[in-house]
Amino acid sequence: MKFINIKELGDCVGDEVTVKGWVYNIRSSGKIAFLQIRDGSGFTQAIVEKSSVDDSMWEVTQSVTMESSVEITGIVSSHPKMENTFEIQVSSVSVIHTAEEYPISKKEHGPDFLLDNRHLWIRSKKQWAILRLRSSVYGYIEEYLREEGFVRFDSPIITPSACEGTTELFEFEYFDLDKAYLSQSGQLYLEAGIGAFGRVYDFGPVFRAEKSKTRRHLTEFWMMDAEAAFVEHEENMKIQENLVHYVLRKVLENNDTELEILKRDKKNLEKALNPFLRMTHKEAITELKKLGSDIREDDDLGAEDEKILTEQHDTPIFIEKYPAKVKAFYMKRDPEDESRALCSDLLAPEGYGEIFGGSERESDYDVLLKSIHNHNLPEEDFKWYLDARRYGSVPHSGFGIGLERLVAWIGGVKHVRETIPFPRMITRKSP
Ligand code: 4AD
Ligand code: MG
């Protein structure tokens with residue numbers, strides 16, 4: 001008898017094996033019982049025939065409750081109709097723990113109920129697929145960056161100042177040192193990191209006290225920031241495009257199981273392997289007006305604008321050169337038009353909208369200091385940051401990925417609250 005994970009069943013057809021897991025569904029006629037079993041690695045069906053087990057074991061199949069933990073032994077067989085699907089013809093079943101009546105059933109539950117029970121909801125097939133996809137995507141991003149020579153350089157979460165504007169900061173008292181803030185992005189620290197390592201990235205939770213209740217906003221989400229010395233605006237976009245292509249190719253190669261459960265059409269992802277569309281902010285405004293938006297020349301793109309724009313196209317779109325005044329203080333200005341920033345937002349197709357934000361950074365000390373003043377930021381807090389422009393300043397660029405938004409698009413998931421294990425939103429801080 002061999003103990004195996006469900007994902008290994010395909011290698012064990014004809015063998016007697018033991019699987020340990022949970023019962024996620026039960027069906028039974030008088031003579032045969034079907035136990036749907038999951039063990040974290042996958043899902044399978046265990047078939048118990050009354051005539052081939054003793055009475056006490058048959059009794060177990062009649063009384064076992066949903067989500068009880070069990071140990072099952074039997075012979076592995078191929079599903080008679082479905083390819084690549086395997087079952088267990090059970091010879092023995094025992095219960096490790098009998099679950100109480102499980103609150104999540106097959107019937108429709110409202111989102112609040114499911115979110116209140118997030119600690120259990122994660123066991124359901126769809127949530128399992130989404131969070132596995134998240135884990136994979138996380139790994140692919142790291143793989144790509146390491147292959148491209150980026151060094152992991154983690155940034156602090158407790159910070160003395162704002163990175164992305166002061167209106168969305170979580171603030172708290174920090175012992176005798178006055179106020180501190182939860183990080184909105186590690187970028188400023190990464191800019192220091194390139195002075196030592198040339199190319200760096202971080203990956204961790206960041207925080208936005210955003211009062212947005214949309215399907216793409218969380219108050220705590222995971223960001224990957226990357227930063228590279230001697231990289232200018234154009235190359236910065238190229239790195240982002242290559243990264244997305246790498247991640248998509250890996251997902252298409254390795255994540256069929258998840259995509260199938262999510263009913264995600266692979267064609268949508270394959271189309272995104274084409275070169276990304278590029279448009280300037282100005283061109284985007286023109287197209288948006290044609291599409292009926294009342295957006296003005298100098299406006300930032302709103303969620304609705306990004307939605308209608310990206311519904312028109314199959315590939316992600318880089319929107320470049322936003323008006324500098326709607327963007328962060330650190331962005332370098334476009335030498336051809338000083339009112340614009342050398343930046344790009346990467347919008348995912350199918351209405352998903354912004355998934356990456358990036359720019360070339362201002363590398364001139366005086367210009368940057370002026371920008372800090374213009375944004376009413378305290379110069380004192382940014383002294384260390386300005387030092388990169390005093391000791392061997394170089395042209396450099398970087399970008400940040402919102403992991404939950406990237407996974408939502410890749411998996412075809414509507415709301416980012418399902419692409420993180422335990423979502424934090426303005427109306428939710430538990431479980
Ligand atoms: O565009 P953002 O604000 O850019 C920065 O923070 C830069 N400092 C990053 C950098 O250049 N290193 O955020 C980056 C990404 C967005 O494109 C979006 O995908 C995600 O983070 N994001 C959010 N995701 C979920 N909920 C929110 N409230 C988010 N705000 C931003
Ligand atoms: Mg942004």
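Predicted model: local features only at pLDDT ≥ 70, side-chain atom pairs only at ≥ 80, totals over all residues.

Residues are numbered from 1 along each chain as its sequence is written, chains are lettered from A and ligands numbered from 1 in the order in which they are written, and side-chain values use heavy atoms, with hydrogens and water left out.

The phi of N84 is near 60°, a positive value in a residue other than glycine. As background, most residues other than glycine have a negative phi, and most peptide bonds are trans. N84 counts as exposed because its relative accessibility is 68%, the scale being that buried means under 20% relative accessible area, exposed over 50%, and partly exposed in between (1.4 Å probe, protein chains only). K263 also has a positive phi, near 55°, and is likewise a residue other than glycine; its place is the loop between α7 (256-261) and α8 (266-271). With a relative accessible area of 75%, K263 is exposed.

In strand β5 one finds T73, which at 8% relative accessibility counts as buried. The side chain of T73 is joined to that of T18 by a polar contact of 2.8 Å; such a contact is a pair of N or O atoms within 3.5 Å, where within protein one must be able to donate a hydrogen and the other to accept it, and where residues adjacent in sequence count only if both atoms are side-chain atoms. Once its neighbours within four places in sequence are left aside, the residues in contact with T73 (heavy atoms within 4.5 Å) include M1, E16, V17 and T18, as well as I88, Q89 and V90.

Between β9 and β10 (residues 179-182) the antiparallel pairing runs over three bridges, and E171 has Y181 as its bridge partner in β10.

The ligand comes next. Which residues are the closest to ligand 1 among the 21 that surround it? They are E164, Q187, D225, E354 and I355, where a residue is near a molecule if one of its heavy atoms lies within 4 Å of it. By class, this shell has seven nonpolar, six polar and eight charged residues; Ala, Val, Leu, Ile, Met, Phe, Trp, Tyr, Cys and Pro count as nonpolar, Asp, Glu, Lys and Arg as charged, and the others, Gly among them, as polar. Nitrogen atoms of ligand 1 lie 2.9 Å from an N or O atom in the side chain of S185 and 2.7 Å from one in the side chain of Q187, while an oxygen atom of ligand 1 is 2.9 Å from an N or O atom in the side chain of R208. Of the 620 Å² of accessible area that ligand 1 has on its own, the protein covers 94%, as given by the Shrake-Rupley method with a 1.4 Å probe, in which only the protein chains shown count as cover for residues. The elements that give two or more residues to the shell are β12 (220-229), β18 (353-360) and β19 (396-402), and the largest share, four residues, comes from β18.

Towards the end of the chain, why is α13 described as largely enclosed by the rest of the structure? Nine of its nine residues are buried, so α13 is largely enclosed in this sense; among them are L403, R405 and W409. Just after α13, G412 takes a positive phi of about 65°. The segment after α13 (403-411) also holds P431, and the peptide bond from S430 to P431 is cis, with omega near 0°.

Finally, the chain can be viewed as a whole. Its secondary structure comes to 13 helices and 19 strands, and buried residues make up 51% of its 431 residues.

Notes. Pairing = 2+ DSSP bridges.
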